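I am opening my notebook on a new structure. I will go through it piece by piece and write down what I look up.

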Amino acid sequence: MEKLWGGRFQKNTSKLMEDFNSSIQFDCKLYEYDIVGSIAHATMLGKVGIISEEDAKKIIESLKEIKSDIDSGKVEFKTEHEDIHMNIEVLLTQKIGDIGKKLHTARSRNDQVALDVRMYTRDKVEEIIELLKEWLKTLIELSEKNIDFIMPGYTHLQRAQPVLFSHNIMAYAQMAKRDVERLKSWLVIHNVLPLGSGALSGTTFPIDRQFVAELLGFEQVSMNSIDGVSDRDFIIDFLSHASVGMMHLSRMCEELIIWSSQEFHFVEMDDEYSTGSSMMPQKKNPDAAELVRGKTARVYGDLMNILTLMKGLPLAYNKDMQEDKECLFDGAETWIKCISIMIPMIKTMKICDKNMENAAKGGFTNATDLADYLVKKGIAFRDAHKITGEIVHYCIEKNINIEDIDIEEFKNFDKLIEKDVYDFIDIKNCCELRNSIGGTSSMQVLESINAMKKYIKNI
């Protein structure tokens with residue numbers, strides 16, 4: 001079959017090369033963006049008189065018909081036409097003949113694909129921002145519903161200090177907020193029209209790039225034609241943001257997996273988001289959370305793919321850049337799927353509050369509060385730390401908790417300790433007294449929740 005670019009060639013492309021060279025098997029995802037971009041380009045060509053308005057109208061009507069045919073499954077893309085751009089152009093010329101050949105005036109596949117991929121990424125950014133809003137609402141709802149539940153906070157995976165469960169959950173809300181802000185920054189930096197860059201040097205035709213930018217919703221046009229066709233920073237930034245976002249989900253899943261173990265039993269996943277064992281009848285596995293954790297590695301791989309792809313490429317377009325799409329598609333779709341499964345998984349999760357509170361009462365999580373109590377009695381913190389450490393050692397020897405010590409036993413460690421110490425080391429008060437901004441008191445958690453609600457309204 002004669003290629004659209006075949007004028008200077010004397011031999012047909014080998015079947016092996018056609019298969020190797022073709023990208024239609026994955027870039028067919030871009031058909032809608034390719035058609036929308038082509039409609040904008042044809043509209044501009046007609047407006048400035050590069051082609052007649054009548055021809056522009058025929059091209060636009062035919063492109064819309066082609067889109068409808070593709071939407072309804074009537075079109076079978078062909079490997080011999082290489083990619084989505086040439087498949088659609090062939091369909092167009094088959095439909096309206098030589099008029100269809102005019103569409104490619106003043107553009108190259110280089111700036112055409114740069115446009116398509118950028119519009120795809122922009123749509124995914126906007127879709128994920130909306131998903132993250134739902135994720136934020138889910139985390140807020142979980143926190144509000146369980147505002148007073150107490151659990152041990154951990155460092156080094158060792159019980160450290162008591163915190164509110166809601167405070168722990170709102171930490172993930174802060175992460176999600178940063179994910180949103182990163183994606184919003186993507187829209188500021190990368191909402192740039194590359195179409196009009198041509199193959200690499202622009203075009204001799206009097207095109208109106210600003211007009212095309214307005215039609216397609218771009219804030220800016222690219223100001224260097226070489227950069228316009230060779231830039232893939234927008235993919236790198238997106239996959240970087242996706243990797244950070246997936247890392248946030250993975251960290252939460254790691255906690256949920258640990259918490260749902262029998263050793264912790266802080267939470268229990270709903271049957272709808274768990275699986276069993278083919279051999280062990282008693283098993284209930286948190287597989288949704290484990291898969292999110294596992295798929296994080298996959299998105300990291302997508303980022304490393306595009307970084308490695310781009311690191312050694314000279315300007316401008318190189319065929320290597322055909323490999324930019326699969327990692328982008330995979331990273332975007334994986335992130336979307338993972339947020340989508342996290343929302344109902346969290347909503348249906350059972351909170352075992354008594355188990356969390358009992359765990360918070362063990363492990364001397366109120367030891368720091370005892371040290372703070374001594375400091376408030378006038379003892380230097382380092383001395384208070386030493387006294388408290390001695391008390392903890394005494395409790396370990398006696399197999400008791402700090403709050404189980406008799407007042408006279410307390411006074412053996414320091415005479416300044418009075419009966420008010422019991423209020424200070426009460427597990428609930430340990431949380432409520434931490435009322436500094438961003439602390440774990442219920443007042444501060446509610447402040448955090450209310451601030452996040454306001455933030456969501458303004459996204």
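**Entry 1: helix α3**

I started with helix α3, which covers residues 31–48. This is a predicted model, so I keep that in mind throughout. How far apart should the ends of α3 be? At 1.5 Å a residue, its 18 residues should span 26 Å. I looked up the end C-alpha atoms, and they are 26 Å apart, which agrees.

Next I asked how many of the residues of α3 are buried. The count is 13 of the 18, so the helix is largely enclosed by the rest of the structure. Just after α3 comes G49, and there I noted a positive phi of about 90°.

**Entry 2**

I moved on to strands β1 and β2. Strand β1 holds residues 150–155, and β2 holds residues 158–164. They run antiparallel, and six bridges join them. Which residue of β2 does Y154 face? Y154 stands opposite R159.

I looked at the loop between β1 and β2, where I found H156 and L157. Most residues other than glycine have a negative phi. H156 is not a glycine, yet its phi is positive, at about 55°. L157 also goes into my notes, with a positive phi near 60°.

L157 is exposed with 55%. The cut-off I needed for both is over 50%.

**Entry 3: cysteines**

A disulfide is a covalent bond between the sulfur atoms of two cysteines. How many disulfides does the structure hold? I found zero. C253 is in no disulfide, and its nearest cysteine sulfur, that of C338, is 7.8 Å away. I checked from the other side as well. The closest cysteine sulfur to that of C338 is in C253, at 7.8 Å, and this is too far for a bond. The limit is 2.5 Å.

I then looked up accessibility. C253 is buried, with a relative accessible area of 0%. C338 is buried too, with 2%.

**Entry 4: salt bridges**

Side chains of opposite charge can pair when their charged atoms come close. I counted 28 salt bridges in the structure. I followed up several of them.

The side chains of K95 and E65 meet in a salt bridge, 3.3 Å from N to O. This pair links distant parts of the chain, 30 residues apart. K95 belongs to helix α5 (residues 84–96), and E65 belongs to helix α4 (residues 53–71). K95 is partly exposed, at 37% relative accessible area. E65 is partly exposed as well, at 40%.

D324 and R232 form another salt bridge, with 2.7 Å from N to O. Where do the two partners lie? D324 is in helix α13 (residues 324–347), while R232 is in the loop between α10 (225–230) and α11 (233–259). The pair therefore ties together parts that are 92 residues apart in sequence. I looked up how covered each one is. D324 is buried, with a relative accessible area of 0%. R232 counts as buried at 1%.

My next pair was E268 and K284, at 3.1 Å from N to O. E268 is partly exposed, with 31%. K284 counts as partly exposed at 34%.

I also came across a network of salt bridges. It links E82, D83 and R109.

**Entry 5: a surface patch and a cis bond**

Which residues make the nonpolar surface patch of about 270 Å²? I wrote down L200, I226 and L315. L200 lies in the loop between β3 (192–193) and α9 (209–216). It is partly exposed, with a relative accessible area of 38%.

L315 came up again when I checked peptide bonds. Most peptide bonds are trans. The one from L315 to A316 is cis, with omega near 5°. I placed A316 in the loop between α12 and α13.

Notes. Residues are numbered from 1 along each chain as its sequence is written. This is a predicted model: local features need pLDDT of at least 70, side-chain atom pairs count only at pLDDT 80 or more; totals for chains, interfaces and linings use all residues. Side-chain values use heavy atoms; hydrogens and water are left out. Two strands pair if DSSP finds at least two bridges between them. Helices (H or I, at least four residues) and strands (E, at least two) are DSSP runs, numbered from the N terminus. Patches are made of residues with over 30% relative accessible area and no salt bridge: like charges are joined within 9 Å, nonpolar side chains (Val, Leu, Ile, Met, Phe, Trp, Tyr) within 5 Å. Accessible areas come from the Shrake-Rupley method with a 1.4 Å probe; for residues, only the protein chains shown count as cover. A salt bridge is a side-chain nitrogen of Lys or Arg within 4 Å of a carboxyl oxygen of Asp or Glu. Buried means under 20% relative accessible area, exposed over 50%, partly exposed in between (1.4 Å probe, protein chains only). The expected span of a helix is 1.5 Å times one less than its number of residues.
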